[in-house]
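This briefing concerns the structure shown below.

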Amino acid sequence: MSDEEDIVLSELADDELVQQMHDDLYDGLKEEIEEGTNILLERGWQPYNILTQALVEGMRIVGEDFRDGILFVPEVLLSANAMKAGMFILRPLLAETGAPTLGTMVIGTVKGDIHDIGKNLVGMMMEGAGFEVFNIGINNPVENFLEAIEQHKPDIIGMSALLTTTMPYMKVVIDTLIEKGMRDDFVVLVGGAPLNEEFGKAIGADSYCRDAAVAVETAKDFMKRKHNQMSASA
Amino acid sequence: MELAPSETHDFKRGQGSVLLIACGALAREIIQLIELNNWQHLDVACLPAKLHNTPEQIPEAVREKIRTNRDKYNRIYVLYADCGTGGLLDKVLEEEGDVERIPGPHCYSFFAGNDVFEARAEDDMRAFFLTDYLCRHFDKLVWEGFGLDRHPDMPSFVFGNYEKVVFLAQTKDEALERQAAEIAHRLGLAYEYRFTGMGDLASYMATAK
Ligand code: B12
């Protein structure tokens with residue numbers, strides 16, 4: 001997508017710049033994403049609008065092309081790195097300017113596993129969709145999940161695993177929630193390349209999500225249902 | 001005998017009675033073992049090693065190999081671990097019937113010995129493993145394969161959670177050892193060498209009859 005002639009980002013009109021940022025994200029150009037983000041901030045854009053219109057929308061296109069076999073792992077990793085850089089600028093501002101909160105999520109990679117790129121991407125896309133996300137990192141034993149639940153009172157718990165050997169640990173976390181009588185207080189979403197729908201069902205998760213876009217849709221759906229239930233019983 | 005990451009290859013020395021369907025990353029070791037032990041009954045069909053990075057494609061690729069070869073052999077074995085297929089490879093083998101695979105989650109585990117690997121799992125959690133093959137093809141499969149050459153941030157973006165490179169060596173080879181140490185250095189990680197030999201691969205192949 002990248003054009004060889006030099007494009008001066010600051011000379012572009014807002015809509016052209018946003019379009020260009022989609023291309024730059026696609027091409028994994030970190031510095032350009034940082035620059036574009038800063039330019040939009042200088043022009044008075046709300047951080048949340050930059051996140052959704054420039055970064056999340058750009059990453060949505062990347063995700064689609066990855067799903068359809070047009071992009072491959074290295075391109076996605078480069079894009080994720082660029083997205084992370086934009087997010088790094090926006091995150092502190094998001095907290096100050098009050099982004100909408102559809103709900104709260106705690107997300108982490110389970111014990112024994114330190115793959116985290118997909119999980120972090122899901123976290124960022126959920127933030128972009130209006131969720132408050134607490135990312136508890138990698139190699140999390142059940143105690144870490146319990147502690148984060150206690151502290152953040154999430155609506156959604158997200159678990160990631162990329163290794164066949166660590167997938168089963170998700171069940172340990174879910175079984176602990178059941179034991180403590182807390183399972184029904186949360187929606188549990190699971191993901192990671194070796195997982196599938198059948199596995200999600202077998203361990204008692206609410207949903208397996210193939211990618212970040214599906215995760216966002218699923219989470220929104222659950223929140224809608226939760227609100228409907230609450231207003232029906234009110 | 002060394003296969004590049006995208007190569008497929010059929011090694012049919014004696015037109016044997018047993019077929020091994022294998023990951024291309026194992027070709028060299030498998031053929032060494034066949035020659036060393038004079039296992040004339042074994043033929044090998046390799047799938048491209050680069051399927052590693054898209055494990056969702058492995059089960060169907062193996063299924064196709066089984067179907068095209070089923071009539072020509074008395075028995076078929078699969079020299080793929082689960083390899084991140086999340087049980088789908090096992091499901092395909094079950095559906096096709098009468099084909100088994102080498103036990104284990106991935107080749108790092110069966111080269112080390114599945115029991116040994118599991119026992120050390122906690123200590124090795126922040127380890128990135130090299131085998132002879134991955135050492136030889138690190139640049140293609142990992143350095144270029146994950147875009148580490150395309151942005152100075154990428155090595156730390158991808159390997160930021162890692163502490164050490166552990167070279168699980170199948171053969172004694174000083175040139176490879178130097179290469180492995182260089183890889184660790186390039187990634188800014190500590191380096192550890194462990195000689196494994198062929199691990200569970202040798203004992204499993206001995207049972208393939
Ligand atoms: C990149 C990668 C790595 C990087 C990890 C970088 C990092 N910081 O995470 C590096 C190179 C360091 C690495 C290391 C290893 N890896 Co690796 N790795 C991969 C690879 C190629 C891609 C993973 C990835 O990041 N994809 C891109 C992201 C965007 O996609 P994703 O992770 O799938 O996430 C998406 C969805 O799954 C979903 N999702 C993910 N998490 C969640 C969570 C929730 C809640 C939801 C809703 C959705 C969701 O949404 C995400 C975004 O769309 C996979 C193979 C593959 N294609 O999956 C192997 C793979 C997972 N690795 C594997 C292996 C074996 C290893 C090593 C043991 C290899 C070694 N030589 O040592 C080590 C692990 C050591 C350890 N101590 O853990 C195997 C696992 C095999 C098995 N049986 O389990 C795989 C399958 C490759 C293979 N076939 O051999 N790996």
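**Sheet, salt bridges and a kinked helix**

In chain B, three strands form an open sheet in the order E6-E7-E8, with parallel pairing. E6 and E8 of chain B are the edge strands, each with a single partner strand, so one side of each has no neighbour in the sheet. From one strand to the next, the twist averages 25°. The model is predicted, and the values below are computed from it.

**The sheet of chain B and its helices**

- Strand E7 of chain B, residues 164-169, pairs with E6(B) in the parallel sense over four bridges.
- Within E7(B), Val166(B) is the residue that stands opposite Phe129(B).
- Helix H6(B) lies across E6 and E7 of chain B and runs at about 110° to E6(B).
- Helix H8 of chain B, residues 174-187, also packs on the sheet and touches E6, E7 and E8 of chain B. The direction of H8(B) makes about 150° with that of E8(B).

**Salt bridges between separate elements**

- Over all chains, a search of the whole structure finds 26 salt bridges.
- One of them joins Arg101(B) to Asp90(B), with the closest N and O atoms 2.6 Å apart. Because Arg101(B) belongs to strand E5 (residues 99-101) and Asp90(B) to helix H3 (residues 88-96) of chain B, the pair ties together parts that are 11 residues apart in sequence.
- Arg101(B) has a relative accessible area of 16% and is therefore buried, whereas Asp90(B), at 32%, is partly exposed.
- Asp124(B) and Arg194(B) also meet through their side chains in a salt bridge, at 2.9 Å from N to O. This pair links distant parts of the chain, 70 residues apart. Asp124(B) sits in the loop between helix H5 (114-120) and strand E6 (127-130) of chain B, while Arg194(B) is in strand E8 (residues 190-195) of chain B.
- Are the two partners of this pair buried or exposed? Asp124(B) is buried, with a relative accessible area of 5%, and Arg194(B) is buried as well, at 13%.

- Glu144(B) and Lys140(B) form a salt bridge in which the closest N and O atoms are 3.0 Å apart.
- Both Glu144(B) and Lys140(B) lie in helix H6 of chain B (residues 132-144), four residues apart, which is about one turn of the helix.
- An α-helix has 3.6 residues a turn, so residues three or four places apart point the same way.
- Glu144(B) counts as partly exposed at 36% relative accessibility, and Lys140(B) counts as exposed at 51%.
- A network of salt bridges links Glu60(B), Arg63(B), Arg67(B), Glu95(B) and Glu96(B).

**Helix H4 of chain A**

- Helix H4 of chain A covers residues 73-97, a run of 25 residues. From its first C-alpha to its last, H4(A) reaches 34 Å, close to the 36 Å expected at 1.5 Å a residue.
- Where does H4(A) have a kink? The kink, of about 40°, lies at Leu90(A), shortly before the proline Pro92(A).
- Gly98(A) follows H4(A) and has a positive phi, near 70°.

Key. Residues are numbered from 1 along each chain as its sequence is written. Chains are lettered from A and ligands numbered from 1 in the order in which they are written. This is a predicted model: local features need pLDDT of at least 70, side-chain atom pairs count only at pLDDT 80 or more; totals for chains, interfaces and linings use all residues. Side-chain values use heavy atoms; hydrogens and water are left out. Helices (H or I, at least four residues) and strands (E, at least two) are DSSP runs, numbered from the N terminus. The expected span of a helix is 1.5 Å times one less than its number of residues. The bend at a residue is the angle between axes fitted to the seven residues ending there and the seven starting there. A salt bridge is a side-chain nitrogen of Lys or Arg within 4 Å of a carboxyl oxygen of Asp or Glu. Buried means under 20% relative accessible area, exposed over 50%, partly exposed in between (1.4 Å probe, protein chains only). Two strands pair if DSSP finds at least two bridges between them. Axes are lines fitted to C-alpha atoms, for helices over the stretch in contact, and angles run from 0 to 180 degrees between N-to-C directions. Contact means heavy atoms within 4.5 Å.
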